[in-house]
Amino acid sequence: MNPLLNFKKSPILDEVINLTKLRRRRVYLVGGYLRDLFLNRESLDFDFAVDKAAINFANVICRKLKSDFVVLDKEHGSARLILKRGAKYYTLDFTDFRGKSIEDDLLRRDFTINAMAVDISKIKKREGIDNVLIDPYSGREDILKKIIKVVNKDTFSDDPLRILRLFSLSSMLKFRLDPDTLKLAEQDKEKLSSVSSERIREELFKILSSSSAANFLKAMDEVSILSKVLPEINIMRNIAQGPYHHLDVLEHSFETIAQIENLFIQLKRNRRITFYLDEVISCSHTRRQLLKLAAFLHDIGKPDALTLEEGKTKFHGHEHIGRKLVSSISERLKLSVKEKETIKTVVLWHLRPGYLADNETITERAIFRYYRDTQNEGVSILLLSMADQRATRGPLTNEEERKHHEKTCLWLIKEYFRRKEAKKMPKLITGDDLVRKLKLTPGPLFGEILTQIEEEQAAGEINTKKEALELARQISNKK
């Protein structure tokens, strides 16, 4: 394949080329777009290095393309255009040279596979890619070798976030890490404390979007980098869990993510589950990514809950402790309110499916209560519960019980979608009825009464408005 052919298929690039000639600027296409070109990957992100006044040039392009415009860094001359074409969103970043020349600019980039450039004024000429590619650090060769290595030894000192980008890029491309580069990352890991939470969060979520996030998180932990992002995990190390488990709390957490990723593969043909997992919760982060993070943190409350009772290891209430800890982690990572509530809900209720599976039959009332409490995360919690069980293989585990547990969880998942698609039960009474019929004063009691009535209706205990009012009267009289 001649990568030059791909340039001609991009009308966006053609418009930038035409405007470059009019404005008499030296503009170079750099970084990820070229890398993805050699990998035959579609790229919607363009990075341009401009010899001067990049923000002004980007503003001209913005008016021509009628795109959104954001100044990323006024001091260093960087701006971004966000452009929608059909169902796709493109980003075009324009940045002043990092140095006097394009060669200086490439020297200051992160990895060799991103340190390539093409003078876009030469793209129109029918020359082969070898005649126009500027590749002083053998990035094309490293792409062929599928390896990620730094351009220079100061790469991580210049921007410590690149330590995380090393792993996120590896997870995205499935490239191996250059050993010397990994050593440099380990040496500079303390510098991650200077990086903003927002930037750290985005690299973490890129890793979570990988189909093998468990492996990359574990690789980060092996060089003591993961704990710089999530310092709370250190308390999980070497906490034994008793005879039902074969791993300590931290290793079990890594294994749980691995098992949930296996489940995703196993269930990928289930369109309803796939659509559910791929729903964007906030800020382009999907439920699938958030569930992986929750799976990793689901037992983070165990160390503080640890007690020994008659020689047995117990973790009573660890889900409540875990809920508080993940709330704190979510705030530090600047997750949205919706993302934060999603993770908290999953961690808080992750034991619930196990309690349901312990029953020979699950009552309608129990099902109602489960979905009432877990809301939209009912399926997420069931998937986590299955992964949690698969990650638990101590000497006292029972294969028959595990199969029963999975069968119960899969049935409850089907029930979730069936009930979601079914016609909702009509409300028997409302708050207005409590005021008009029972002369009650609006307050917290209203919610308690209406919730109890909804539960009894779901269980088939009451079916009429008269029965609902009578139950409401009984509840109010007890208060």
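The following questions and answers concern a predicted model of a single chain and its computed features.

User: How is the model treated, and which atoms do side-chain values use?
Analyst: This is a predicted model, in which local features need pLDDT of at least 70 and side-chain atom pairs count only at pLDDT 80 or more, while totals for chains, interfaces and linings use all residues.

User: How many helices and strands does the chain have?
Analyst: Helices (H or I, at least four residues) and strands (E, at least two) are DSSP runs, numbered from the N terminus. The C-alpha trace spans about 85 × 55 × 40 Å along its principal axes. The chain has 26 helices and 13 strands.

User: What percentage of the residues in the chain is buried?
Analyst: Buried means under 20% relative accessible area, exposed over 50%, and partly exposed in between (1.4 Å probe, protein chains only). The chain has 479 residues, and the buried share of them is 51%.

User: What share of the accessible surface belongs to carbon and sulfur atoms?
Analyst: Accessible areas come from the Shrake-Rupley method with a 1.4 Å probe; for residues, only the protein chains shown count as cover. The accessible surface of the chain comes to about 24400 Å². The part belonging to carbon and sulfur atoms is 49%.

User: Which residues touch the most other members of the largest nonpolar core?
Analyst: A nonpolar core is a set of buried Ala, Val, Leu, Ile, Met, Phe, Trp, Tyr and Cys residues joined through side-chain atoms within 4.5 Å. The largest such core holds 116 residues, and those touching the most other members are Phe48, Leu92 and Phe94.

User: Which helix gives the most to this core?
Analyst: The core in question is the largest nonpolar one, with 116 residues. Eight of its residues come from the helix that gives the most, spanning residues 54-65, namely α4.

User: Which residues of the second, separate core can be named?
Analyst: Besides the largest core of 116 residues, there is a second, separate core of 14 residues. Its members include Leu428, Ile462, Leu469 and Leu471.

User: Which residues make the nonpolar surface patch of about 340 Å²?
Analyst: Patches are made of residues with over 30% relative accessible area and no salt bridge, where like charges are joined within 9 Å and nonpolar side chains (Val, Leu, Ile, Met, Phe, Trp, Tyr) within 5 Å. One contributor, Val70 in strand β3 (residues 68-73), is partly exposed at a relative accessible area of 37%. The patch is made by Val70, Leu72, Ile82 and Tyr89.

User: Which residues does Asp159 contact beyond its neighbours within four places in sequence?
Analyst: Contact means heavy atoms within 4.5 Å. Asp159 lies in the loop between α8 (155-158) and α9 (162-173) and counts as buried at 15% relative accessibility. Leaving those neighbours aside, Asp159 contacts Arg165 and Arg199.

User: Is Ser330 buried or exposed?
Analyst: Ser330 is found in helix α18 (residues 318-332). Leaving aside neighbours within four places in sequence, Ser330 contacts Leu335, Lys340 and Ile343. With a relative accessible area of 2%, Ser330 is buried.

User: How many disulfides does a search of the whole structure find?
Analyst: A disulfide is a pair of cysteine sulfur atoms within 2.5 Å. Cys62 counts as buried at 10% relative accessibility, and Cys409 is buried at 0%. The number of disulfides found is zero.

User: How many residues apart in sequence are the parts that the Arg26 and Asp119 pair ties together?
Analyst: A salt bridge is a side-chain nitrogen of Lys or Arg within 4 Å of a carboxyl oxygen of Asp or Glu, and the side chains of Arg26 and Asp119 meet in one at 3.2 Å, N to O. Arg26 lies in the loop between α2 (11-23) and β1 (27-30) and Asp119 in strand β6 (residues 117-119), so the parts tied together are 93 residues apart.

User: Which parts of the chain does the pair of Glu255 and Arg393 link?
Analyst: The side chains of Glu255 and Arg393 meet in a salt bridge (3.6 Å, N to O). The pair, 138 residues apart, links helix α14 (residues 249-266) with the loop between α22 (378-390) and α23 (399-421).

User: Which residues are linked in a network of salt bridges?
Analyst: The whole structure has 39 salt bridges. The network links Asp110, Arg165, Glu203 and Lys206.

Definitions and conventions
Residues numbered from 1 in each chain as written. Heavy atoms only, no water.
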